[in-house]
Amino acid sequence: MAQNSDNNAYWSANKRIIAISLVIWFVCSFGFGILLRPMLSGIGIGGTDLGFWFAQQGSIIVFLVLIFAYAWRMNKVDQDFGVDE
Amino acid sequence: MDQFTLNLLVVGATFALYIGIAIWARAGSTSEFYAAGRGVHPVLNGMATGADWMSAASFISMAGIIAFGGYDTSAYLMGWTGGYVLLAMLLAPYLRKFGKFTVPEFIGDRFYSQSARTVAVVCLIIASTTYVIGQMTGVGVAFSRFLGVTKESGLYIGAIIVVFYAVLGGMKGITYTQVAQYVVLIIAYTIPAIFISLNLTGNPIPALGLFSSTSIDVAGVTAGQPLLATLEQLVTELGFKSYLSQSDTTLNMFLFTVSLMIGTAGLPHVIVRFFTVPTVKDARSSAGWALVFIALLYLTAPAVAAMARLNLISTIYPNGTAEAALSYDARPEWVSNWETTGLLKFEDKNGDGLINYVGDKDANELTVNNDIMVLANPEIAQLPGWVIALVAAGGLAAALSTAAGLLMAIASAVSHDLIKSQINPNISEKGELMAARISMAVAIAVATWLGLNPPGFAAQTVALAFGLAAASIFPAILMGIFSKRVNNKGAVAGMLAGLIATVVYIFLHKGWFFVASTASFSDADPLLLSIKSTSFGAVGALINFVVAYLVSNATEEVPADVQELIESIRIPRGAGSAVDH
């Protein structure tokens, strides 16, 4: 039973990290790149606005950072819960 | 040496390399044929995934679509990269822990149902075949140009080469070949981009050059203005739609991005890559490495797009848009080269002998197929002959690697998930390999036939394939891992509802079985709101989720042993090496 509740806690920790990551993922792509672009239109960059940059380049950089941050964080969580390979 | 000989030489040399690797790593047993043992390092696996993933759509087609579509087409950039975040967090580690060979196998086991497995095979075959059509379109464009033949002949030649090479090696051959292909394609993509960026902005990094100022006068616009502002000024003067602002509806752009993202995470030939890494830990970082190698191209692509459009305009209006356009008799060689393929057309509507390239459809005299932009780009920028040859080789590498990976996914679905598990469990290893190779050949024949009259530019056809994967496979896998409540009946009903809704919506807009004359609606005036057929995958996925949830709640609970399976795939410990068959 102790094993089970540990596993549940591990799974909740994983889901929490995923949820936080996906909020950032959403805001930087769908948010800044599409829905919130009008709000960023005042911030200029190279002949256009910040929303255009996020849509064409910024979001991709954020995605990269997110995946490696998740992999690094989860490796630590794996060890904390003793479920690493 | 003339350009044709140079093309043959460079393309020939890269082909010899791939085929050499394929022969060297020839597949022996069935497990090697599908999954290459499990000893592939995350960085190498990431590189191979990159080559697998970046197809003719990314290499040949995408920058061309962005060049003419501007901001509206950013969905391709965000969608085809953002899906890796979902893969790394929501699918890859758990599927690696599950530790079998194919996606239908997971769906069959998790939903304890042969019907679920069969439905997954059907979804996989439909999505992958659509995807191969897009590749064949790209291969046709590339071969037609560099052999100087029509696009139909280019397509047939390409099909023969794809068959030869996918049937020869299995996944292992493909993994190492794909590493080589990645190297060829990324060099081929970036070198011309660097030259062009240096020439236009003085910045050697194209991704930064895009947001820099011009260092030379372009089409009569004086140097020193931001490159994007220069481009915007020129397209507006010529009456084209704005490059920087949004013309598409927000709803369609949003759904299109969703569809590409979850389609990325649901495409079986990409997912299967994560079955081949040694550990769960590696599955997470492999997705990151794949995205690193993909991002090298995707951060360059928007620069290639804007600069290619700029160079096209300045070729036709060397002294500015207010001055006379280029005369047809003085057209550069690349224009006549591409005229041979039928992908670039000039029609002198007003009889003045000048190439009037303008936004007004009735007055415009130059039609440029989006798919030729990347291949023609080095010629437009007047780069040396070896760069042009290299781009041809890169485009073919991109198309071949993806076509081969997709054919592998189709082959394993048919031979492993359909024939061996359901029709004839006693089939010999030899018979299974034979079935795999026959299904590859059939898939390529169908794709070539449909590729003669493709439903869109390469990247648009591929986008349809993503919509299909998004609507059928992604939701099933996600619910399989994150929900203990979704049962066999729910999963089957959900996949069928999502797939059928999406297929019907696509066929209504693109014609039944992609025969254009049978279409009842068009993407310019779609059936539902402003949702184009390429964006409908997101809606299909939603239908899948809702149906699966409702049906599962109305029927019995998931059995205890399957609940244990779900518990176990959520925990990395004990992954070990996968079960052999």
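1. In chain B, H6(B) passes H7(B) in a right-handed crossing. The model is predicted, and the notes below should be read that way. H6(B) spans residues 103-110, and H7(B) spans residues 114-147. The two pack at an angle of about 155 degrees, with their axes 8 Å apart. That angle makes H6(B) roughly antiparallel to H7(B), because angles over 145 degrees count as such.

2. Which residues make the contact of H6(B) with H7(B)? From H6(B) come Pro104(B), Glu105(B), Ile107(B) and Gly108(B). They meet Ala116(B), Arg117(B), Ala120(B), Val121(B) and Leu124(B) in H7(B). By class, this contact has 6 nonpolar residues, 1 polar and 2 charged.

3. H7(B) also packs with H4(B), residues 56-69 of chain B. Here the angle is about 65 degrees, and the axes are 9 Å apart. The crossing of H4(B) with H7(B) is left-handed.

4. The residues divide into 4 nonpolar and 3 polar, with no charged residue.

5. Now the interface. Chain A and chain B bury about 4200 Å² between them. Of that area, 72% lies on carbon and sulfur atoms. Three residues of chain A deserve a look: Trp11(A), Gln56(A) and Glu85(A). Together they supply 16% of the area that chain A buries against chain B, more than any other three residues. The contact takes 44 residues from chain A and 53 residues from chain B.

6. One helix pair spans the two chains: H2(A), residues 50-80, and H14(B), residues 280-316. Their axes come within 9 Å and cross at roughly 170 degrees. H2(A) is therefore roughly antiparallel to H14(B). The contact of H2(A) with H14(B) has 17 nonpolar, 5 polar and 3 charged residues.

7. Charge pairing comes next. Side chains of opposite charge can pair when their charged atoms come close. How many salt bridges join chain A and chain B? The count is 1. Arg284(B) forms a salt bridge with Asp78(A), and the closest N and O atoms are 3.0 Å apart. Over all chains, the structure holds 7 salt bridges.

8. Within chain A, Asp49(A) forms a salt bridge with Arg37(A). Their closest N and O atoms are 2.9 Å apart. The pair links distant parts of the chain, 12 residues apart. Asp49(A) sits in strand E2, residues 48-49. Arg37(A) lies in the loop between helix H1 (2-35) and strand E1 (44-45) of chain A.

Conventions: Residues are numbered from 1 along each chain as its sequence is written. Chains are lettered from A and ligands numbered from 1 in the order in which they are written. This is a predicted model: local features need pLDDT of at least 70, side-chain atom pairs count only at pLDDT 80 or more; totals for chains, interfaces and linings use all residues. Side-chain values use heavy atoms; hydrogens and water are left out. Axes are lines fitted to C-alpha atoms, for helices over the stretch in contact, and angles run from 0 to 180 degrees between N-to-C directions. Helices (H or I, at least four residues) and strands (E, at least two) are DSSP runs, numbered from the N terminus. Angles under 35 degrees count as roughly parallel, over 145 as roughly antiparallel, 65 to 115 as roughly perpendicular and the rest as oblique. A crossing is left-handed if the near helix is turned anticlockwise from the far one by less than a right angle, and right-handed if clockwise. Contact means heavy atoms within 4.5 Å. Ala, Val, Leu, Ile, Met, Phe, Trp, Tyr, Cys and Pro count as nonpolar, Asp, Glu, Lys and Arg as charged, and the others, Gly among them, as polar. Buried area is the accessible area (1.4 Å probe) that two parts lose on being put together, summed over both. A salt bridge is a side-chain nitrogen of Lys or Arg within 4 Å of a carboxyl oxygen of Asp or Glu.
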